[in-house]
Amino acid sequence: MPVLNPVERTALLTAALRAAETRREDRLYEDPYAAGLVGEAGPELLREIREATFPPGRPRTLPSTPDYNAIRTRFFDDFLQDAARAPETTQIVLAPAGMDSRAYRLPWPGRVRYFEVDRQAVLDFKAERLRGAEPRVDHRTVAVDLTSDDWEDRLAAAGYDPSVPSTWLLEGLLYYIPEADAHRMLERVAAFSAPGSRIAADIVNAAALTLPHMRGLLDVFAGWGCPWVFGTDEPEALFAGYGFDVRAVQPGEPGADFGRWPDPVPPRAVREVRRVFFVHGRRR
């Protein structure tokens with residue numbers, strides 16, 4: 001089995017959460033491939049998260065990871081499907097791809113090229129787990145580390161055209177990388193995206209990294225070797241600095257609720273509360 005680094009192991013957690021969501025009668029989406037992508041570590045990772053989130057004998061104080069993940073997956077499902085319906089959309093990029101199965105479980109127009117960018121170990125693990133499954137799109141994998149100096153060249157070699165609009169999804173990435181790397185990632189994506197390109201990502205606010213009541217969740221990820229290290233209170237400004245006009249919506253707000261977010265959503269003016277943002281918009 002390929003060796004996955006700590007951040008990549010969180011992709012197994014996501015698969016485990018998606019498999020659990022698929023078993024719910026009130027599921028927000030159906031991912032028939034998630035159970036096969038969980039791997040040996042996935043169930044244990046999910047157990048740790050559930051124990052931290054729902055401690056026995058006392059009220060939950062952490063955000064509900066299962067509900068958050070369900071909403072995030074559905075939100076980005078809808079984002080990508082909406083982008084794919086636009087006639088000008090011919091290329092979609094998932095970076096990193098992780099254990100995502102949208103290329104297999106969602107319908108796509110025949111004009112779309114669907115690129116998954118991730119390290120070779122991740123793509124090998126995924127290919128083995130999905131052996132025999134057929135993608136529903138022109139599916140192209142790009143085996144490269146996103147910190148490398150040449151991922152743009154590798155993506156272009158796979159058929160990506162930076163001169164025409166694209167759609168990018170940076171899911172489960174930005175809060176795991178240092179601030180300088182997050183800025184560099186957005187800078188590089190912007191430079192490799194034509195005007196009109198779409199982008200979506202999730203990111204936490206700064207307080208989510210330090211609030212005492214977040215410790216239980218933060219300690220789990222830190223214990224796995226993949227701490228949360230970057231957050232911003234102004235996601236719109238962060239993306240605007242690289243030419244993207246975006247909106248940021250929080251789980252529980254209109255368009256990012258789906259009847260599942262269990263907690264109040266404080267107004268943006270309220271400080272020192274944890275937040276997660278789903279950012280989505282276009283390149284100027």
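Predicted model: local features only at pLDDT ≥ 70, side-chain atom pairs only at ≥ 80, totals over all residues.
Figure 1. The side chain of S193 is joined to that of W168 by a polar contact of 3.0 Å. When residues up to four places away in sequence are not counted, S193 touches Y160, P162, S166, W168 and R283.

Figure 2. A search of the whole structure finds 1 cavity of 30 Å³ or more. The space in the largest cavity amounts to about 40 Å³. Its lining consists of E88, T89, P165, S166, T167, G196, S197, R198 and R282. By residue class, the lining of the largest cavity divides into 5 polar, 3 charged and 1 nonpolar.

**Figure 3. The salt bridge between E21 and R260.** Across the whole structure, 32 salt bridges are found. One of these pairs E21 with R260, with 2.8 Å between the closest N and O atoms. The pair links distant parts of the chain, 239 residues apart: E21 lies in helix α1 (residues 6-22), whereas R260 lies in the loop between β6 (244-249) and β7 (276-283). Both E21 and R260 are buried.

**Figure 4. The salt bridge between E44 and R47 in helix α3.** The side chains of E44 and R47 meet in a salt bridge, with an N to O distance of 2.3 Å. Both residues lie in helix α3 (residues 42-53), where a separation of 3 residues corresponds to about one turn of the helix. E44 counts as partly exposed because its relative accessibility is 36%. R47 is likewise partly exposed, with a relative accessible area of 35%. Side chains of opposite charge can pair when their charged atoms come close.

Figure 5. R184 forms a salt bridge with E187, and the closest N and O atoms are 2.8 Å apart. The two residues are 3 residues apart in helix α8 (residues 179-191), so about one helical turn separates R184 from E187. R184 counts as partly exposed because its relative accessibility is 43%. For E187, a relative accessible area of 37% also gives the class partly exposed. Elsewhere, salt bridges that share partners join R18, D31, R72, D77, D100, R102, R105, E171 and D202 into one network.

**Figure 6. P87 in the loop between α4 and β1.** The loop between α4 (65-85) and β1 (91-94) holds P87. P87 is classed as exposed because its relative accessible area is 65%, and exposed means over 50%. From C-alpha to C-alpha, P87 and V112 are 9.7 Å apart in space, while 25 residues separate P87 from V112 in sequence.

Technical notes. Residues numbered from 1 in each chain as written. Heavy atoms only, no water. 1 Å grid on protein atoms, 1.4 Å probe; cavity = no way out; pocket = protein on both sides within 12 Å on 5 of 7 lines; lining within 4 Å. Points joined across faces, edges and corners; volume = space filled by probe spheres on them. Nonpolar A, V, L, I, M, F, W, Y, C, P; charged D, E, K, R; others polar. Helix = DSSP H or I, 4+ residues; strand = E, 2+ residues; numbered from the N terminus. Buried < 20%, exposed > 50% of the residue type's maximum accessible area, 1.4 Å probe, protein only. Salt bridge = Lys/Arg side-chain N within 4 Å of Asp/Glu carboxyl O. Polar contact = N/O pair within 3.5 Å; in protein donor to acceptor, adjacent residues only side chain to side chain. Contact = heavy atoms within 4.5 Å.
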